[in-house]
Amino acid sequence: MTCCEGWTSCNGFSLLVLLLLGVVLNAIPLIVSLIEEDRSSQNPISCFEWWFPGIIGAGLMAIPATTMSLTARKRACCNNRTGMFLSSLFSVITVIGALYCMLISIQALLEGPLMCNSQGNSTANCEFSLKNISDIRPEDFNLRWFFNDSCVPPAGSKNPTSNDVTASGWRASSLHFNSEENQHRLIHFSVFLGLLLVGILEVLFGLSQVVIGFLGCLCGVSKRRSQIV
């Protein structure tokens, strides 16, 4: 087995782990919303999980490349030039899905849970578009809704002031599940930070497989294994 074939097989296992992790993370807020009483019609935590960044982006769109890579050893489907080319092609789909997962997660981390919104549980701020992503500025990544003692804006105020972040920014370590607000903040932060990391890793593995696949396609694979097909 050449290094191209070996990396393809290892890559498949890594993508499988990330795929399952993405699906589980995406399902957590969905399950929480269902078990809370009288909340099944509207998720009290967020609404970005209904864009299914982990289930579709990091999950379904990664299945073709994962399946192709995992069968590299047993069925030799990646041990010829055509197989390596297909693994690269499927990995492009994986990268697209992972980027989708990352963009949704970034937008969700910027907006915070619904209860941290000035409009309460309104889903008005859960719209996702490329325009929303292009409007993001570096200073927006302060995670004010998470680091403040309370993310619920006071009456008559749309957003907490930036001074609040400096005064109590590092008190987030004391957050625990002692209130509904803290539960929503911790779940929202953990889920979408996890999905962001999953998306980043899938992009890296996907791009590496694209490169390895094209190398295998151009340079060929081991003769002994290529004779199997």
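This is a predicted model: local features need pLDDT of at least 70, side-chain atom pairs count only at pLDDT 80 or more; totals for chains, interfaces and linings use all residues.
Reader: Why is the pair of Trp-50 and Phe-52 called edge-to-face?

Author: The ring centres of Trp-50 and Phe-52 lie 6.1 Å apart and their planes meet at 75 degrees; since rings pair when their centres lie within 6.5 Å, and planes over 60 degrees apart count as edge-to-face, the pair is therefore edge-to-face.

Reader: What makes Trp-50 and Phe-52 buried, exposed or partly exposed?

Author: The relative accessible area is 44% for Trp-50 and 25% for Phe-52; buried requires under 20% and exposed requires over 50%, so Trp-50 is partly exposed, and so is Phe-52.

Reader: Which parts of the chain does the pair of Phe-85 and Phe-214 link?

Author: Phe-85 and Phe-214 form an aromatic pair that is edge-to-face, with 6.2 Å from centre to centre and 75 degrees between the planes, and this pair links distant parts of the chain, as Phe-85 belongs to helix H4 and Phe-214 to helix H8, 129 residues apart.

Reader: How do you know that the buried residues of helix H3 line one face?

Author: In helix H3, which covers residues 63-70, the residues Ala-65, Thr-66, Met-68 and Ser-69 are buried; seen down the axis of H3, these buried residues fall within an arc of 165 degrees, so they line one face of the helix.

Reader: Why is Cys-101 called buried, and what is Cys-10 called?

Author: Cys-101 has 0% relative accessibility, and because buried means under 20%, Cys-101 counts as buried; Cys-10, with a relative accessible area of 40%, falls between the cut-offs of 20% and 50%, so Cys-10 is partly exposed.

How values were computed
Residues are numbered from 1 along each chain as its sequence is written. Side-chain values use heavy atoms; hydrogens and water are left out. Buried means under 20% relative accessible area, exposed over 50%, partly exposed in between (1.4 Å probe, protein chains only). Helices (H or I, at least four residues) and strands (E, at least two) are DSSP runs, numbered from the N terminus. The arc is that of the directions from the helix axis to the C-beta atoms. Rings of Phe, Tyr and Trp (its six-membered ring) pair if their centres lie within 6.5 Å; planes under 30 degrees apart count as stacked, over 60 as edge-to-face and the rest as tilted.
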